[in-house]
Amino acid sequence: MLGRTHMAVALAATALLTKDPSQLPINLAVAAASSLLPDIDTPGSMLRHKLNKYTGALTFPALIAAGYFLFKYKYFLLLSLILYLTYIGLAFIGPHRGFTHSLAGFLFFTFILFMSDRTILPPALIGYTTHLATDLFTPSGIPVLYPYNKSFKIPLVRTGSILDILIGLAFGLMFIAVLFQKFI
Ligand SMILES: [Zn+2]
């Protein structure tokens with residue numbers, strides 16, 4: 001799925017599930033970032049390419065800096081920072097749609113957040129889970145049992161196809177509708 005489709009699904013789900021309006025901005029930011037994170041193992045993805053077309057190589061230093069700031073501002077404990085850097089390292093050295101898209105990657109990510117300030121746990125899990133759930137519907141599927149190399153898939157939507165774009169649009173509109181209905 002396209003990065004923007006992942007983001008639209010995550011934002012709509014987070015807006016639907018957020019109860020406290022004061023939590024909405026941080027929840028949306030965390031959900032959006034978490035919905036893009038699994039694709040850091042994909043060179044053409046939004047985080048690797050679209051955000052810095054000419055400087056894709058800066059993504060990893062930027063992610064490391066982000067981890068440092070989360071630690072500095074007490075969202076991360078030292079252990080969560082170490083685990084986070086390990087996660088980034090595993091994504092960097094592993095194959096495309098490998099570790100970050102697996103059950104092991106999901107549990108690892110959950111553990112990082114569990115060892116952190118848990119206020120950001122629900123939106124982070126919404127972002128990550130919706131990413132894996134939507135990638136399940138692409139022809140490449142997701143390697144749930146990585147490093148065992150079998151992809152699980154229900155191949156209905158090709159990444160970048162019209163359907164992918166329409167799904168992103170539909171969830172984007174749903175997100176806006178929920179925002180207006182619940183918060184504005
Ligand atoms: Zn993905």
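Colleague: At what angle do the axes of helix 1 and helix 8 cross, and within what distance do they come?

Modeller: The model is a predicted one. In it, the axes of helix 1 (residues 3-17) and helix 8 (residues 162-183) cross at roughly 25 degrees and come within 8 Å.

Colleague: Why are helix 1 and helix 8 called roughly parallel?

Modeller: The crossing angle is roughly 25 degrees, and angles under 35 degrees count as roughly parallel. Helix 1 and helix 8 are therefore described as roughly parallel to each other. The crossing of helix 1 with helix 8 is left-handed.

Colleague: Which residues make the contact between helix 1 and helix 8, and how do they divide by class?

Modeller: On the side of helix 1, the residues include Arg 4, Ala 8, Leu 11, Ala 15 and Leu 16. Among those they meet in helix 8 are Asp 164, Ile 167, Phe 171, Phe 175 and Lys 182. By class, the contact has 14 nonpolar, three polar and three charged residues.

Colleague: How do helix 2 and helix 7 pack, and what is the handedness of their crossing?

Modeller: Their axes lie 7 Å apart at an angle of about 30 degrees, and the crossing is right-handed. From helix 2, Asn 27, Val 30, Ala 31, Ser 34 and Ser 35 meet Pro 123, Ala 124, Gly 127, Tyr 128 and His 131 of helix 7. This contact comprises five nonpolar and five polar residues, with no charged ones.

Colleague: Why is Thr 14 called buried?

Modeller: The relative accessible area of Thr 14 is 1%, and buried means under 20%. Thr 14, which is part of helix 1, is therefore classed as buried. Beyond its neighbours within four places in sequence, Thr 14 touches Asn 27, Leu 28, Ala 31, Pro 123 and Ile 126. As for Met 174, it is 160 residues from Thr 14 in sequence, with a C-alpha to C-alpha distance of 11 Å.

Colleague: Which residues touch the most other members of the largest nonpolar core?

Modeller: They are Ile 40, Leu 63, Tyr 87, Ile 88 and Phe 109, in a core of 24 residues. Helix 2 (24-36), helix 4 (59-72), helix 5 (78-93), helix 6 (103-114) and helix 7 (121-135) each give two or more residues to this core. Helix 5 gives the most, with six. With neighbours within four places in sequence set aside, Ile 88 contacts Ile 40, Phe 60 and Leu 63. A second, separate core has nine residues, including Ala 15, Ala 32, Phe 175 and Val 178.

Colleague: Is Lys 74 buried or exposed, and is Arg 97 buried or exposed?

Modeller: Lys 74 has a relative accessible area of 68%; exposed means over 50%, so Lys 74 is exposed. For Arg 97 the value is 13%; this is under the 20% limit, so Arg 97 is buried.

Colleague: What is the omega of the peptide bond from Tyr 146 to Pro 147?

Modeller: Omega is near 10 degrees, and the bond is cis. Pro 147 lies in the loop between helix 7 and helix 8.

Note on methods. Residues numbered from 1 in each chain as written. Predicted model: local features only at pLDDT ≥ 70, side-chain atom pairs only at ≥ 80, totals over all residues. Heavy atoms only, no water. Axes fitted to C-alpha atoms, helices over the stretch in contact; angles between N-to-C directions. Helix = DSSP H or I, 4+ residues; strand = E, 2+ residues; numbered from the N terminus. Parallel < 35°, antiparallel > 145°, perpendicular 65-115°, else oblique. Left-handed = near helix turned anticlockwise from the far one by under 90°. Contact = heavy atoms within 4.5 Å. Nonpolar A, V, L, I, M, F, W, Y, C, P; charged D, E, K, R; others polar. Core = buried A, V, L, I, M, F, W, Y, C linked by side-chain atoms within 4.5 Å. Buried < 20%, exposed > 50% of the residue type's maximum accessible area, 1.4 Å probe, protein only.
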